[in-house]
Amino acid sequence: MAPSVVIVGGGVMGAATAWRLAERGHRVTVLERFGPGHDRGSSHGSSRIFRLTYADPWYVGLALRALPLWRRLEEESGRPVLTLTGAVDHGSPRTVGKLADALRAAGRPGLVLSPAEAAERWPGLRADSTVLLHPEGGRLHADASVAALLSAAAGLGADVRHGVRVRALRRTGRGVTVETEEGGPVVADAAVVAVGGWSPSFLPDLVDGLPPLRVTQEQPLHFAVDDALEWPAFVHHPGAGFDEPGGVYGLGSEDGVKVGFHAVGPVVDPDHRDRTPDPAAAERLERYVRAWLPGLARAHPEPVTCLYTSTPDHDFVVDRRGPVTVLAGFSGHGFKFAPAIGELAADLVEGRSAAERFVLGRPLPAAVG
Ligand SMILES: Cc1cc2nc3c(=O)[nH]c(=O)nc-3n(C[C@H](O)[C@H](O)[C@H](O)COP(=O)(O)OP(=O)(O)OC[C@H]3O[C@@H](n4cnc5c(N)ncnc54)[C@H](O)[C@@H]3O)c2cc1C
């Protein structure tokens, strides 16, 4: 009989892993504590950026691995999830130059523009110094992606259960036993734990070598404008005339143009966080919008909150200890890679070794950022 795998967490990473494992013939059970499409974790809402532009070829390769899987998911589920609007990187010429080099080295199309040329194409966006456009970037619909992944997994036989909170996971002689709050224990040959912001409370008793994980509440704003869906995805990299350390990202969505600072929010406990938007943080972002995004200056901003779970090196944790595979620390940039992470997780469950980059117990920089 095919091995059984219980997946704890039905956010994008658990859902993608369920899809990939179910396709490989495993008997999959997904246990998610909240309802479908809930907004308590990291994977909700109408938009996430998909882009290939990373200076590091490892991540370019991972995004290229994810791209055809997103398209396959659309075919299998019959739901559109990815719209390639093009994506723009601008700001520090050094940073943007490295992104252009990495794109070129991967043989993918990209176009370098001047700020004036960019302004002609996107009058709502004031670009800084050097501008790189790559057509294979765009928008993932976050809620639709998670729903499509879970429905594709269910279509392949996965048992997807919402409203089931896992209280404890124990390794047993031949696999794992999962205790839930809502019913009897679930016994399986292997487990995949993908609990997002709950990782710091859930994982330390289960695996060694976990890096420090910093859970923060981030607060982007949506600006409702008529042309929102025509906007490209964009990232403004600090270093030229702009010094916000983590930069600014944005993209069009059904809810308007979303704009956010990267990884600036306060540290929170996901079970006891005040999801009331912080007016000072909103005002700081609005100041940025007034200076750099003239196309949004008149629109009313609506805040949303969401969790980042960041590692010190911003690389993910995708590794296994015995029957337990851990997916954690997606550091505010994991969504685009989800089906590729699902493949890596399925490889681990089947006994293959982890990608060096993502292992537990790797050497880390001193400061948690
Ligand atoms: C504001 C914001 C913007 C972002 N923008 C981008 C972007 O543009 N591009 C990009 O690539 N990435 C982006 N990201 C990052 C990306 O969204 C995350 O990396 C990704 O969603 C993480 O998914 P996850 O499955 O690890 O976590 P989650 O989605 O939080 O899933 C974990 C799940 O585990 C469940 N769970 C927890 N404990 C238990 C338990 N005991 N029992 C059962 N279930 C449990 C939770 O309810 C939750 O549903 C962004 C993130 C945020 C917050």
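## Ligand site and domain contact

A nitrogen atom of the ligand sits 3.2 Å from a backbone N or O atom of Arg33. The model is predicted.

| Residue | Protein atom | Ligand atom | Distance |
|---|---|---|---|
| Arg33 | backbone N or O | nitrogen | 3.2 Å |
| Met13 | polar backbone atom | oxygen | 3.1 Å |
| Ser43 | polar side-chain atom | oxygen | 2.4 Å |

On its own, the ligand has 1000 Å² of accessible area, and the protein covers 97% of that. With three residues, β20 gives the most.

There are 34 residues around the ligand. Those that come nearest are Glu32, His38, Ser43, Ile49 and Cys306. By type, the shell holds 19 nonpolar, ten polar and five charged residues.

Which domains supply the shell around the ligand? Domain 1 (4-44 + 143-213 + 311-358) and domain 2 (59-140 + 214-308) each supply at least three residues.

These two domains make up the domain assignment of the chain. Their C-alpha centres are 27 Å apart. Domain 1 puts 42 residues into the contact, and domain 2 puts in 26 residues.

Interface size is often expressed as the accessible area lost when the parts come together. Between domain 1 and domain 2, about 2700 Å² is buried. Carbon and sulfur atoms give 61% of this area. On the domain 1 side, Trp19, Phe337 and Ala340 lose the most area to domain 2. Together they account for 16% of what that side buries.

How values were computed. Residues are numbered from 1 along each chain as its sequence is written. This is a predicted model: local features need pLDDT of at least 70, side-chain atom pairs count only at pLDDT 80 or more; totals for chains, interfaces and linings use all residues. Side-chain values use heavy atoms; hydrogens and water are left out. A residue is near a molecule or strand if one of its heavy atoms lies within 4 Å of it. A polar contact is a pair of N or O atoms within 3.5 Å; within protein, one must be able to donate a hydrogen and the other to accept it, and residues adjacent in sequence count only if both atoms are side-chain atoms. Accessible areas come from the Shrake-Rupley method with a 1.4 Å probe; for residues, only the protein chains shown count as cover. Helices (H or I, at least four residues) and strands (E, at least two) are DSSP runs, numbered from the N terminus. Ala, Val, Leu, Ile, Met, Phe, Trp, Tyr, Cys and Pro count as nonpolar, Asp, Glu, Lys and Arg as charged, and the others, Gly among them, as polar. Domain bounds come from an automatic or database domain assignment. Contact means heavy atoms within 4.5 Å. Buried area is the accessible area (1.4 Å probe) that two parts lose on being put together, summed over both.
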